[in-house]
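Subject: A structure for you to look at

Hi there,

I am passing on the structure we talked about, and my notes follow below it. Please open it next to this email so that you can find each residue as you read.

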Amino acid sequence: MLAFVLMIGLTGCGDNDPQPTATTPPPPVSGDASRQPTRTVAWFIDHRAELQAILGACRDNPGDLGRTTDCINANEADDRITIQEMKNAFK
């Protein structure tokens, strides 16, 4: 999944002024939150592919990324999705 997201992100390499679209993956997680808008828990719940990509990056490098806003919000979104799926299973 992460490879797919990275592949999509690299297809536009070489463009001088790429325009973001609804299918453009989010920028990579970094320690510098000033470079990108904050993605909320609700945003991650609505964007499951990006959620999985961010969770993978956060789990791969928790020392640098674990306490970033994206990692915290992605983990919270993952927890909420899991809880909702468990509730739905008991209905």
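Asp-78 has a relative accessibility of 18%, so it counts as buried, because the cut-off for buried is under 20%. Please keep in mind that this is a predicted model.

Which residue does Asp-78 form a salt bridge with? The partner is Arg-59, and the closest N and O atoms of the pair are 3.4 Å apart. Asp-78 belongs to helix α5 while Arg-59 belongs to helix α3 (residues 48–60), so this pair ties together parts that are 19 residues apart in sequence. Arg-59 is exposed, with a relative accessible area of 54%.

How many salt bridges does the structure hold? There are 3, and here are the other pairs.

Asp-70 and Arg-39

The side chains of Asp-70 and Arg-39 meet in a salt bridge, with 2.3 Å from N to O. Asp-70 sits in helix α5 and Arg-39 in the loop between α1 and α2, so the two residues tie together parts that are 31 residues apart in sequence. On your screen, helix α5 covers residues 69–89, and the loop with Arg-39 runs between α1 (2–10) and α2 (41–46).

The C-alpha atoms of Asp-70 and Thr-38 are separated by 7.0 Å, and the two residues are 32 residues apart along the chain.

Glu-76 and Arg-80

In this pair, the side chains of Glu-76 and Arg-80 meet in a salt bridge of 3.0 Å, N to O. Where do the two residues lie? Both are in helix α5, 4 residues apart, which is about one turn of the helix. Glu-76 is partly exposed, with a relative accessible area of 32%, and Arg-80 is partly exposed too, at 45%.

Enjoy exploring, and write back with any questions.

Best wishes

Conventions:
Residues numbered from 1 in each chain as written. Predicted model: local features only at pLDDT ≥ 70, side-chain atom pairs only at ≥ 80, totals over all residues. Heavy atoms only, no water. Salt bridge = Lys/Arg side-chain N within 4 Å of Asp/Glu carboxyl O. Buried < 20%, exposed > 50% of the residue type's maximum accessible area, 1.4 Å probe, protein only.
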